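Hi there,

Here is the structure I promised to pass on. My notes on it follow below.

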Amino acid sequence: LDNFSTGSTANIKHITKNFEIIDGDIRNTELINDTVKDVDLVFHMAAALGVNTILESPLESISTNIAGSEVVLNAAANHKKRILIASTSEIYGKNPNQPLKETDDRVVGPPQKIRWSYSDAKAIEEAMAFSLSQEKGLKVTTARLFNTVGPRQSAQYGMVVPRFVKAALNNEPINIYGDGTQSRVF
């Protein structure tokens with residue numbers, strides 16, 4: 001299930017003979033319930049992401065990431081389905097501790113800096129998953145991904161690695177924010 005807001009069916013055409021493609025929104029409770037009830041395992045990879053997406057459409061992004069995740073998590077819990085949720089390294093925010101641990105405190109900026117809404121939304125998603133695990137026995141695994149990349153990924157939405165590669169291939173400067181002493185897994 002995908003709404004194809006940052007991709008296309010052409011990107012997955014070479015692998016589609018083994019599964020059904022559903023064009024839809026994770027906030028559609030009826031669609032999600034109908035879909036989840038018939039599967040063995042849920043991989044919740046859906047999110048509004050990319051710096052440009054978050055900054056240009058903050059309310060839509062927050063709604064997708066919080067309300068959408070709530071719909072998917074509740075469907076998995078209600079239908080007793082194991083679920084893997086894709087979270088993010090953004091959870092850690094500006095925490096200077098290295099190396100980071102799963103239990104480290106979150107250090108984020110003020111809510112008026114919209115870029116932090118993605119981190120906040122994914123933290124709420126993790127909290128909902130944990131709560132559903134405690135209250136309803138949801139079998140959930142959370143994976144905090146650090147800048148996943150792959151073929152056909154676009155720099156259009158603000159993804160950092162494709163931006164770096166595009167700049168390098170075009171012999172352009174690679175933008176580094178901050179003073180350059182920070183470290184990050186790319």
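Is glutamate 90 buried or exposed? Glutamate 90 is buried, because its relative accessibility is 14% (buried means under 20% relative accessible area, exposed over 50%, partly exposed in between, with a 1.4 Å probe and protein chains only).

Before the rest, a word on the source. This is a predicted model, in which local features need pLDDT of at least 70 and side-chain atom pairs count only at pLDDT 80 or more, while totals for chains, interfaces and linings use all residues. Residues are numbered from 1 along each chain as its sequence is written, and side-chain values use heavy atoms, with hydrogens and water left out.

On confidence, the chain has an average pLDDT of 90, and 96% of the residues score at least 70 (pLDDT is the predictor's confidence in each residue, from 0 to 100). Helix 1 has the highest confidence, with a mean of 98, and helix 5 (residues 160–169) the lowest, at 85. Helices (H or I, at least four residues) and strands (E, at least two) are DSSP runs, numbered from the N terminus.

Now the salt bridges (a side-chain nitrogen of Lys or Arg within 4 Å of a carboxyl oxygen of Asp or Glu): there are eight. Glutamate 90 pairs with arginine 115, with 3.2 Å between the closest N and O atoms. Both partners lie in the loop between strand 2 (82–88) and helix 4, 25 residues apart. Arginine 115 is partly exposed, since its relative accessibility is 34%.

Within helix 4, glutamate 125 and lysine 122 sit three residues apart, about one turn of the helix, and form a salt bridge at 2.9 Å. Glutamate 125 is buried at 0% relative accessible area, and lysine 122 is buried at 1%. Elsewhere, salt bridges with shared partners join Asp25, Arg27 and Glu60 into one network; in it, arginine 27 meets aspartate 25 at 2.7 Å, N to O.

Finally, the second largest pocket holds about 330 Å³ of space. Helix 4 (116–136) and strand 3 (140–145) are the elements that give two or more residues to its lining, with helix 4 giving the largest share, six residues. The lining has 15 residues, and Glu102, Glu126, Phe130, Thr142 and Arg144 lie nearest the centre of the pocket.

A pocket here is an open set of points on a 1 Å grid over the protein atoms alone, where a 1.4 Å probe fits, with protein on both sides within 12 Å along at least five of seven lines; lining residues have an atom within 4 Å of a point. The volume is the space filled by probe spheres set on the points, which are joined across faces, edges and corners.

Best wishes
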